[in-house]
Amino acid sequence: MTDRITGPLWTRSFILAIVTSCFMGMIFYLLMTTMAFYAVERFQASASLAGLASSAFIIGAVVARLSAGKLLEIVGRRRLIISALVVYVVMSALYIPAQDLGLLIAVRLVHGFAMGSGATAIVAGAQAIIPPARRGEGTAFLGMAQTLATAIGPFIALTLLQWGDYELLFAACVAFSALALIASLFLRFPELELTPEQRATTRGWHPRTFVEPGVLPVVSVIALGGLSYSGVLAFLNSYAESLDIATAAALFFAVYALVLLLTRPFAGRTQDRRGDNVVVYPALVAMVAGMVVLASARDTTMMLIAAVLLGFGFGNLTSTIQAISVRRTPAYRVGLATSTYFFALDLGTGIGPVVLGAIVAAADFSTMYLSLAGVMMLAGALYTFVHGRSGGRSPRRHTLADAPTGGRTDPVSDESRN
């Protein structure tokens with residue numbers, strides 16, 4: 001079994017999972033950066049309805065997170081991925097003929113649901129083929145698909161709108177969706193054959209059938225991280241404009257993505273070799289420092305220093321907590337653990353702008369970012385309590401009996417032998 005524990009990471013399906021995730025993420029960022037403006041320009045939407053047109057995608061994705069983990073081990077990972085991507089292509093094509101705001105919002109909801117279902121299934125499937133001894137490294141590389149999408153998507157969107165119009169933008173979404181679907185047809189993930197007892201735990205309406213209780217404490221850390229980083233996503237541009245350094249916001253995200261690309265592989269390998277704490281605590285400290293620097297920023301240089309700190313901090317915290325969640329979970333519930341992780345991240349990111357907007361209205365941007373430094377200190381204390389004090393080593397108490405596969409061994413379940 002040793003080769004399955006420390007075997008090759010860069011298999012064809014792992015590479016295709018990264019490619020598919022990148023295309024899906026690009027469409028998300030292509031549309032998130034333009035949808036509110038489109039709703040106003042095309043349908044004369046009010047500010048609140050334009051915001052709903054933009055956020056409806058996220059609402060659909062959050063709802064999907066709750067059901068995807070339960071569905072993918074019953075329906076099958078590959079079948080759910082392909083079905084979700086077929087819907088993804090159809091929804092991308094429906095933006096062009098959508099003739100009223102209500103239809104546009106409905107398309108956004110279904111599009112987001114397809115994104116949440118497909119993305120969760122891809123990550124869960126990819127986790128099943130990552131050698132357990134390289135879990136941190138593999139998760140880090142898998143997460144870089146979204147990093148690339150974050151950097152490339154908004155650039156393509158704005159470039160297309162300069163050259164053409166929204167129809168060109170939507171046509172690009174259809175093309176990228178089709179490429180994601182084509183790539184997914186060649187994915188090969190091990191499918192679990194659940195025992196009657198295991199299948200029973202994934203059915204019904206008990207909360208345990210929608211989330212993985214064993215990872216709720218540790219994913220609460222990433223919910224706080226998502227809430228904190230939402231302050232950057234939602235308010236950095238306005239903050240930079242208030243300081244009369246508007247160009248710093250665009251440079252911020254470019255530097256953030258670059259730092260993430262450079263540090264994630266190193267952080268993932270370090271997590272595998274030296275444990276979770278060696279990566280998580282420096283990431284938490286970097287996030288606290290990044291928020292403090294943002295709060296005191298007065299020029300572009302300080303903004304970019306904050307970008308470096310947050311790129312290392314939040315960028316590596318997300319992949320590290322995801323790897324911890326998978327390690328803590330029996331193989332047949334990895335899908336639920338994955339959806340629970342993304343649900344916590346999306347929930348924190350979605351709630352953040354509402355809560356933080358109230359702080360900005362009552363005080364100012366600097367106060368908000370200092371408050372977020374405090375939130376990340378709280379996240380550090382929470383991590384210590386739920387995982388860090390154990391030495392940052394995830395429990396490995398599951399056996400191969402957790403994941404019968406009809407003669408094939410799911411690599412995830414081999415971790416108990418590592």
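This briefing walks through the helices, a few loop residues and the cysteines of the structure above. Keep in mind that the model is predicted. The protein has 15 helices and 0 strands, and of its 418 residues, 57% count as buried.

**How the helices pack**

Two packed helices are described by the angle between their axes and the distance between the axes.

*α5 and α6*
- Start with helix α5, residues 77-94, and helix α6, residues 101-129: their axes sit 8 Å apart, at an angle of about 150°.
- An angle over 145 degrees counts as roughly antiparallel, so α5 is roughly antiparallel to α6.
- When α5 passes α6, the crossing is left-handed.
- On the α5 side, the residues that meet α6 are R77, L80, I81, A84, V87, Y88, M91, S92 and L94.
- Facing them from α6 are V107, V110, H111, A114, M115, S117, G118, A121, I122, A124, G125 and A128.
- Sorted by class, this contact of α5 with α6 has 15 nonpolar, 5 polar and 1 charged residues.

*α12 and α15*
- Next up is helix α12 (residues 277-295), whose axis comes within 7 Å of that of α15 and crosses it at roughly 165°.
- That angle makes α12 roughly antiparallel to α15.
- The crossing of α12 and α15 is left-handed.
- From α12, the contact takes in N277, V280, Y281, L284, M287, V288, M291, V292, L294 and A295.
- Their partners in α15 are S366, Y369, L370, L372, A373, M376, M377, A379, G380, Y383 and T384.
- Split by class, the contact of α12 with α15 comes out at 17 nonpolar, 4 polar and no charged residues.

*α14 and α15*
- Helix α15, residues 365-386, also packs with helix α14, residues 334-362, at an angle of about 135° and with the axes 7 Å apart.
- That angle makes α14 oblique to α15.
- The crossing of α14 past α15 is right-handed.
- The class count for α14 with α15 is 6 nonpolar, 2 polar and no charged residues.

**Loop residues worth a click**

Most residues other than glycine have a negative phi, and most peptide bonds are trans.

- Q44 lies in the loop between α3 (35-43) and α4 (47-75).
- Phi of Q44 is near 50°, a positive value in a residue other than glycine.
- With a relative accessibility of 63%, Q44 counts as exposed, because the cut-off for exposed is over 50%.
- D244 is in another loop, the one between α10 (216-242) and α11 (247-274).
- Here phi is positive too: the value for D244 is near 65°.
- D244 is exposed as well, at a relative accessible area of 69%.
- Along the sequence D244 and D299 are 55 residues apart, yet in space they are 8.6 Å apart, C-alpha to C-alpha.
- E212 is found in the loop between α9 (196-201) and α10.
- E212 has a relative accessible area of 5%, and since buried means under 20%, E212 is buried.
- Leaving out residues up to four places away in sequence, E212 touches T329, R333, L336, A337 and T340.

**Cysteines**

- How many disulfides does the structure hold? The number is 0.
- C173 counts as buried, with a relative accessibility of 0%.
- C22 counts as buried too, at 13% relative accessibility.

Definitions and conventions: Residues numbered from 1 in each chain as written. Predicted model: local features only at pLDDT ≥ 70, side-chain atom pairs only at ≥ 80, totals over all residues. Heavy atoms only, no water. Disulfide = S-S within 2.5 Å. Buried < 20%, exposed > 50% of the residue type's maximum accessible area, 1.4 Å probe, protein only. Axes fitted to C-alpha atoms, helices over the stretch in contact; angles between N-to-C directions. Helix = DSSP H or I, 4+ residues; strand = E, 2+ residues; numbered from the N terminus. Parallel < 35°, antiparallel > 145°, perpendicular 65-115°, else oblique. Left-handed = near helix turned anticlockwise from the far one by under 90°. Nonpolar A, V, L, I, M, F, W, Y, C, P; charged D, E, K, R; others polar. Contact = heavy atoms within 4.5 Å.
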